[in-house]
Amino acid sequence: MPRRPRILLADDDELLLKALRIRLERLNVEVVTATDGYTSLAQATEHKPDLLILDVNMPAGDGDH
């Protein structure tokens, strides 16, 4: 059986993450979330998502520093 598609959602707005996660999981998508840049990188390395949806301006590791 093939695995479900996996998406990494990264945003510092936790309510938005929750809403998007609920919508995507209803479409039978596995969702991994992160609330800062460093966690996003760690989650991407660990879970190897098929798609990344990233907030551009997040705390800790947004590429601005």
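Colleague: What does Arg6 count as, buried or exposed?

Modeller: Buried means under 20% relative accessible area, exposed means over 50%, and partly exposed lies in between (1.4 Å probe, protein chains only). Arg6 counts as buried, because its relative accessibility is 15%. This is a predicted model, in which local features need pLDDT of at least 70 and side-chain atom pairs count only at pLDDT 80 or more, while totals for chains, interfaces and linings use all residues. Residues are numbered from 1 along each chain as its sequence is written, and side-chain values use heavy atoms, with hydrogens and water left out.

Colleague: How many salt bridges does a search of the whole structure find?

Modeller: Side chains of opposite charge can pair when their charged atoms come close. The term salt bridge is used for a side-chain nitrogen of Lys or Arg within 4 Å of a carboxyl oxygen of Asp or Glu. The search finds 3.

Colleague: Which residue forms a salt bridge with Arg6?

Modeller: The partner of Arg6 is Glu30, with 3.2 Å between the closest N and O atoms. Helices (H or I, at least four residues) and strands (E, at least two) are DSSP runs, numbered from the N terminus. Glu30 is partly exposed, at 23% relative accessible area.

Colleague: Where do Arg3 and Asp50 lie in the chain?

Modeller: Arg3 and Asp50 form a salt bridge, their closest N and O atoms being 3.1 Å apart. Arg3 sits in the segment before strand S1 (6-10), and Asp50 in the loop between helix H2 (37-47) and strand S3 (51-54), 47 residues apart. Arg3 is partly exposed, at 44% relative accessibility.

Colleague: What separates Arg21 and Glu25 in helix H1?

Modeller: About one helical turn, because these residues are 4 apart in H1 (residues 14-26). Arg21 and Glu25 form a salt bridge, with 3.1 Å between the closest N and O atoms.

Colleague: In what order do the strands form the sheet?

Modeller: Two strands pair if DSSP finds at least two bridges between them. Here 3 strands form an open sheet in the order S2-S1-S3, with parallel pairing. S2 and S3 are at the edges with a single partner strand each, so one side of each has no neighbour in the sheet. S1 and S3 are joined by 4 bridges, and Leu9 has Ile53 in S3 as its bridge partner.
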